[in-house]
Amino acid sequence: MYAFNYHRPSSLDDAAKLLSSASDGKFLAGGQTLLPTLKQRLASPSDVIDLTGIPQLSGITVSGSAVTIGATTRHAAVAASAEVKKAIPALAKLASGIGDPQVRNMGTLGGSIANNDPAADYPAAVLGLCATVHTNKRTIAADDFFTGMFETALEEGEIVTKVEFPIPKRAGYVKFPNPASRYVMVGAFVAETADGIRVAINGAGPCVFRHTEMEAALAKNFSPDALKGIRTDPAGMNNDIHASAEYRAHLVGVMARRAVEAALG
Amino acid sequence: MTISVTMTVNGQSVTREVEPRTLLVQFLREHLGLTGTHIGCDTSQCGACVVHVDGRSVKSCTILAAQAQGANVTTIEGLAANGQLHPMQEAFREHHALQCGFCTPGMIMSAIDLVQRNPNPSEETVRHELEGNLCRCTGYHNIVKAVMAGAQAMRG
């Protein structure tokens, strides 16, 4: 790891100021992606700004219509929350399956979505539930947030503060983890929301995406059978040593059907 | 540039001047001489370096010492009390839950965390919860047996 300066501000304003005054600053949340990246010398920030000292960024609140989770809330806290389990069980289940217990004890929601790893879990829930991402500057709709591989709509110095997940009528999340790394090879988050049916696919392509053909089929008939015969085009799917594009495209259908089954309980 | 980091390790308050890039595992091993916490893979996968930070198991190779500022840290050296092994350590000894022993400190720290959250785990739960700990000797059979026995002993 290259040397850097470390800061732990206690307010959002201070964090933003530290970033803008650094020659190459990076925000640190749980560090479960950033620290391995630094250790491999894939990044060499001049300043690392730890956001976990900002009290308002952490915590879970559940209202009648939404579950709101602070950006530095750890995966383990979401997985163990009785309120989240009751309001959106699929979200608690997703959080309980990220990485391993030690990663869940450090990793955060804000870090996961700001990084937007194609093989991350949380982006599927944010997009599948039509969540709203709150930052220190504005709110961003899920459909506008994830813009590409490791790319988001966040501007330089913009900090995710919380994510508001509308409570769906029902939802399910199923993933096929890589047998070695446990990262998502293909996952599907299916939800019946106030905005209609949403199907978010992660792991398969360079960025989480909505499967509109499946959404239309499920809107007519919310059952696994409704997805029979829907083929996913392998063009544009990830193709690497872990799985070919064709295999991933096939898994999209399998995971989506299982996610519908999970949503139906 | 160095920064001053203070934390409580195994019940004792410690302060060291360290480079900001110092990992918690380096802080424990190199600055405090607590070499019971092992570095296996150094890529956040193997779990040999698991310690407890404020009661939660974490991989100490994937957290900066600075992030543990003010925290309460427990390592494998902090488990035994008054010359008596912790019930989970005793269970690992009793069930011979090790071959080379390299993964053992991390396995025990993860096992204690899992039992604290789940006092009566099923075998399936134990196997799932140990997902972040690798045993290169593949000695999982006795490890799982030991964790089940250790859980029972911790329930008292």
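Modeller: Happy to. This is a predicted model, where local features need pLDDT of at least 70, side-chain atom pairs count only at pLDDT 80 or more, and totals for chains, interfaces and linings use all residues. Residues are numbered from 1 along each chain as its sequence is written, chains are lettered from A and ligands numbered from 1 in the order in which they are written, and side-chain values use heavy atoms, with hydrogens and water left out.

Colleague: Which residues of chain A lose the most area to chain B?

Modeller: Contact (heavy atoms within 4.5 Å) joins 25 residues of chain A with 27 residues of chain B. The two chains bury about 2200 Å² between them, 55% of it on carbon and sulfur atoms; buried area is the accessible area (1.4 Å probe) that two parts lose on being put together, summed over both. Together giving 28% of what the chain A side buries, the residues that lose the most are Tyr6(A), Lys39(A) and Gln102(A).

Colleague: With which residue does Asp100(A) form a salt bridge?

Modeller: A salt bridge is a side-chain nitrogen of Lys or Arg within 4 Å of a carboxyl oxygen of Asp or Glu. The rule finds 3 of them across the interface of chain A and chain B. For Asp100(A), the closest N and O atoms are 2.6 Å apart, and the partner is Lys59(B).

Colleague: What volume does the largest cavity have?

Modeller: On a 1 Å grid over the protein atoms alone, a cavity is a set of points where a 1.4 Å probe fits but cannot get out, and lining residues have an atom within 4 Å of a point. The lining includes His38(B), Asp42(B) and Cys61(B), and divides into 6 nonpolar, 3 polar and 1 charged. Grid points are joined across faces, edges and corners, and volume is the space filled by probe spheres set on the points; here that is about 30 Å³.

Colleague: Which element gives the most to the lining of the second largest pocket?

Modeller: A pocket is an open set with protein on both sides within 12 Å along at least five of seven lines, and this one has a volume of about 350 Å³. Its lining has 14 residues, with Ala76(A) and Arg117(B) among those nearest its centre. Helices (H or I, at least four residues) and strands (E, at least two) are DSSP runs, numbered from the N terminus. With 3 residues, the element that gives the most is α3(A).

Colleague: How many salt bridges does a search of the whole structure find?

Modeller: One of them joins Arg138(A) and Glu155(A), with the closest N and O atoms 3.9 Å apart. This pair links distant parts of the chain, 17 residues apart. Over all chains, the number is 20.

Definitions and conventions:
Ala, Val, Leu, Ile, Met, Phe, Trp, Tyr, Cys and Pro count as nonpolar, Asp, Glu, Lys and Arg as charged, and the others, Gly among them, as polar.
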